[in-house]
Amino acid sequence: MKPLSGFKDLLPCDYARRRYLTEGWRDIARRYGFVEFDGPTLESLELYQKKNSGGEILTQLYQFTDRGDRPVALRPEMTPTLARIVAAHDREFAKPLRWFNVGNCFRYERQQRGRLREFLQLNCDLLGERSVTADAEIIALLIDQLRHFGFGPNDVTIRLSDRLAWHDFLEQFGIKKESTTEFLNIVDKMEREPQEKTEEKLAALEHSGLTVEKLREFMTSPTIPVLEPLLEELAARGLRDFIKPDLSIVRGLAYYTGVVFEAFALQGSLRAVAGGGRYDRLIHDLSNGAVTLPAVGFGMGDAVMLEFLKEVPLATQREEEFHAATSSCQVYLVIADEALRPQAVGLAQQLRDAGLRVAFSLASERVGKQFSAAENGGASFAVMIGDEWPQLKIKRLSTREEMSVPQGGLVEWLMDCSKG
RNA sequence: GUGGCCGUAGCUCAAUGGUAGAGCUCCAGGUUGUGGUCCUGGCUGUUGCGGGUUCGAGUCCCGUCGGUCACCCCA
């Protein structure tokens, strides 16, 4: 029996990789004062159909009717759940809210490398602040997440856009509000489609005097006025190198109202590793107008990140250092004389009480095999318990150097070493 | 959801339609207390699954499941 397509069994080595990722996510989110929350994996279908998510994501829902005939869906993303929770508890928290979540999400789509049907996503959201400082804070957090894992401006870039720029543009050319989504879709596909196709689509739209040339001219203009304050603040943080203003980024989700951005991998097979934007109306709409709370946030998926980590040398190196530091065993007790097993387990207990990760052979085994097991488990030290008792021979496995320590001083000796 | 490629031992892969193999891993040894190299030996398969063609199918055909790439879109 295999797991379903798009779902994964996580063996210990897979889970170690996941832990590396999620511990990094949490660490950096907390540096920005973000607190972790969670919500249900299963939600009412209605939460996603209130014209909030919109587009593609609705066709990818894992949806079904539960035993009580309720239409339900596994969450495809965290934002609607967050919006629902925040709308319900609005009065309980001082603003702004800095909330994050690491949770599994589900989308029914064809699996590919970096894309699964169940995946883990980091979500960071800043709620209750309308100004550009919140946008900057969120984007800085996103960049610091990436920097933490060893990615630099040559590995990843934040493509930044703003839907407000497009709203002005639409007005200028007399394109109706109802056609906004359709128009942004054309923009989204422009760089992937031949010009004739774009012209054709544009012609089908009601407008006054808009041409592909004018559209292109607008998109390639050297400065985008609405983005300037945000760019300035990011520059003040020293993060400007990561940013590439790009009006072709419009994002698929319907609820975005202002700034939108995507973190794009420059190395390897170009992919979006994270994405987000401002959604000032979602909470208002979801609560039927009861709560109005501007918000900005982003999501970052584990499947893409774990692939990306393998493609950038510095990122790979950092991950390996993590795994070395968190190996399942630091100290391996080699029981050379089976008669001393009681003393050995006593030592193991002392070492474990002191917080060290300790392993030893459970069966009588040749010394060579025990050293092999020590090596295998990633131990830094092997401690020989044998003829020398009550002296112990300690061997540093990386250098093969050996030293002698009395059994009473072992804990202290190892604690000193593990500090250094 | 659409199209292409792939599926053989735990892993990576061989095998002009004619007896299913190699390397790595793993296990056991290389005389009684030392691991990452070395030497010897050993285990492992309903060739993803189900049909069909054929004297004979891992190989050809159909279906199905899984993987992968592109499209779509995105985490």
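So, α6 and α7 are roughly perpendicular to each other, a label that here covers angles of 65 to 115 degrees. The axes of α6, residues 163-172, and α7, residues 180-190, come within 12 Å and cross at roughly 110°. Those axes are lines fitted to C-alpha atoms over the stretch in contact, with angles from 0 to 180 degrees between N-to-C directions. The crossing of α6 past α7 is right-handed, meaning that the near helix is turned clockwise from the far one by less than a right angle. On the α6 side the contact (heavy atoms within 4.5 Å) includes Trp-166 and Phe-169, and on the α7 side Phe-183 and Leu-184 are among the residues involved.

A word on the source: this is a predicted model, with local features needing pLDDT of at least 70 and side-chain atom pairs counting only at 80 or more, while totals for chains, interfaces and linings use all residues. Residues are numbered from 1 along each chain as written, chains are lettered from A and ligands numbered from 1 in written order, and side-chain values use heavy atoms, without hydrogens or water.

Back to α6: this helix also packs with α9, residues 212-219, at about 145°, with the axes 12 Å apart. Trp-166 and Phe-169 of α6 take part here too, meeting α9 residues that include Leu-215 and Phe-218.

Now please find α13, residues 313-325. Ala-315, Glu-319 and Phe-322 are buried there, that is, under 20% relative accessible area with a 1.4 Å probe, protein chains only, where exposed means over 50%. Seen down the axis, the buried residues fall within an arc of 55°, so they line one face of α13. Their cover includes α1 and α12. On the other side, Pro-313, Glu-320, Ala-324 and Ala-325 are exposed.

Notes: Helices (H or I, at least four residues) and strands (E, at least two) are DSSP runs, numbered from the N terminus. The expected span of a helix is 1.5 Å times one less than its number of residues. The arc is that of the directions from the helix axis to the C-beta atoms. Angles under 35 degrees count as roughly parallel, over 145 as roughly antiparallel, 65 to 115 as roughly perpendicular and the rest as oblique.
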